[in-house]
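Visitor: Could you take me through some local features of this model, starting with charged pairs?

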Amino acid sequence: MSETYSFSDPRLAELDGFKVTIDPAKQRADIVLARPPYNIISMPERDQLRLVFEILDDDARVRIIVLSGEGEHFSSGGNIKGFLEASPEHVSKLAWNIAAPARCSKPVIVANRGYTFGVGFEISLACDFRIVSETCRYALPEQKLGQIPGSGGSARLQKIVGVTRTKDIVMRSKRIPGKTAVEWGIATECVPDGELETAVSALVDELLEFSPIAQRTAKKMLNETDDAFLTTAIELEGLNYSRLRQSEDFREGVEAFHAKRKPTFMGR
């Protein structure tokens with residue numbers, strides 16, 4: 001049974017445009033953007049989202065984090081007027097805040113439906129798994145405002161789809177349907193709109209079957225070697241493999257394999 005997450009940090013005494021719940025039995029935390037109908041993300045909300053990801057990362061009750069939006073749209077983007085009102089120092093932190101899902105050591109799943117524009121797309125790109133409904137439309141529309149993406153969107157997208165497609169998306173403010181996003185490698189899976197939550201829950205259940213320490217290691221290694229030379233990436237993979245060989249979870253996995261039973265991983 002999910003319950004409202006209780007924060008001791010006074011900066012999170014009143015959440016700005018989103019809510020957080022936890023289901024300890026399922027080891028799952030949900031962050032839900034809740035400023036319908038378009039779930040516009042305010043400047044203060046960005047700061048709070050970063051803090052929430054950091055707190056959930058340290059919470060031993062949480063294994064998987066799910067980010068979603070309330071209603072028909074994940075998020076149409078940021079509060080446009082807020083960009084003019086924010087100080088240069090605050091604006092300089094935009095990318096750092098939105099990168100919080102990537103820095104989080106735990107798997108982060110995002111459920112995207114409807115408009116997923118601007119910062120909504122950028123924070124989704126910082127997540128590990130993007131499950132989209134057929135109604136999803138990804139876009140970085142900043143060119144229409146005389147701007148460029150400022151929270152890592154174009155940089156992350158270029159890593160995934162290359163410079164040609166990124167120019168097509170960014171410089172034309174082009175909208176990418178969910179099915180196309182899967183074909184291009186932007187999204188993990190595309191499902192009918194009514195099956196989005198079911199697909200996300202199924203992925204949560206699947207991820208919970210694996211070793212927490214192996215998951216954390218894989219995520220950190222893949223993130224850190226994304227722009228590394230092949231030789232460097234192979235070396236780091238070997239070092240991490242060697243380290244995991246000393247873990248209790250690896251021993252349990254090997255013993256369970258030979259005993260033809262399901263392993264019980266403890267994250268050690």
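Visitor: Which residue meets Lys-19 in a salt bridge?
Guide: This is a predicted model, so local features need pLDDT of at least 70 and side-chain atom pairs count only at pLDDT 80 or more, while totals for chains, interfaces and linings use all residues. Residues are numbered from 1 along each chain as its sequence is written, and side-chain values use heavy atoms, with hydrogens and water left out. A salt bridge here is a side-chain nitrogen of Lys or Arg within 4 Å of a carboxyl oxygen of Asp or Glu. At 3.1 Å, N to O, the partner of Lys-19 is Glu-70.

Visitor: How many residues apart are Lys-19 and Glu-70?
Guide: Helices (H or I, at least four residues) and strands (E, at least two) are DSSP runs, numbered from the N terminus. Lys-19 is in strand E2 (residues 18-23), and Glu-70 is in the loop between strand E4 (64-69) and helix H2 (80-85). The pair links distant parts of the chain, and the separation is 51 residues.

Visitor: What is the relative accessible area of Lys-19?
Guide: Buried means under 20% relative accessible area, exposed over 50%, and partly exposed in between, with a 1.4 Å probe and protein chains only. Glu-70 is partly exposed at 28%. Lys-19 is also partly exposed, and its value is 40%.

Visitor: Is Glu-45, which forms a salt bridge with Arg-35, buried or exposed?
Guide: The closest N and O atoms of Glu-45 and Arg-35 are 2.8 Å apart. Glu-45 is in helix H1 (residues 43-58), and Arg-35 is in the loop between strand E3 (28-33) and H1. Arg-35 is partly exposed at 28%. With 0% relative accessibility, Glu-45 is buried.

Visitor: Which residue is linked with Arg-35 and Glu-45 in a network of salt bridges?
Guide: Side chains of opposite charge can pair when their charged atoms come close. The network takes in Arg-35, Glu-45 and Asp-16.

Visitor: Where is the cis peptide bond from Pro-36 to Pro-37, and what is its omega?
Guide: Most peptide bonds are trans. Pro-37 lies in the loop between E3 and H1. The bond from Pro-36 to Pro-37 is cis, with omega near 10°.

Visitor: What is the phi of Asn-39?
Guide: Most residues other than glycine have a negative phi. Asn-39, in the loop between E3 and H1, is buried at 1% relative accessibility. Asn-39 is not a glycine, yet its phi is positive, at about 50°.

Visitor: How far apart are the C-alpha atoms of Gly-77 and Tyr-38?
Guide: Gly-77 sits in the loop between E4 and H2 and is buried at 1%. Taking contact as heavy atoms within 4.5 Å, Gly-77 touches residues including Asn-39, Ile-40 and Phe-117. Gly-77 and Tyr-38 are 39 residues apart along the chain, and their C-alpha atoms are separated by 8.1 Å.

Visitor: At what angle do the axes of H10 and H11 cross?
Guide: Axes are lines fitted to C-alpha atoms, for helices over the stretch in contact, with angles from 0 to 180 degrees between N-to-C directions. Helix H10 (residues 212-224) and helix H11 (residues 230-244) come within 11 Å along their axes, which cross at roughly 165°. That makes H10 roughly antiparallel to H11, since angles under 35 degrees count as roughly parallel, over 145 as roughly antiparallel, 65 to 115 as roughly perpendicular and the rest as oblique. The crossing angle is roughly 165°.

Key
Lists of a residue's contacts leave out its neighbours within four places in sequence.
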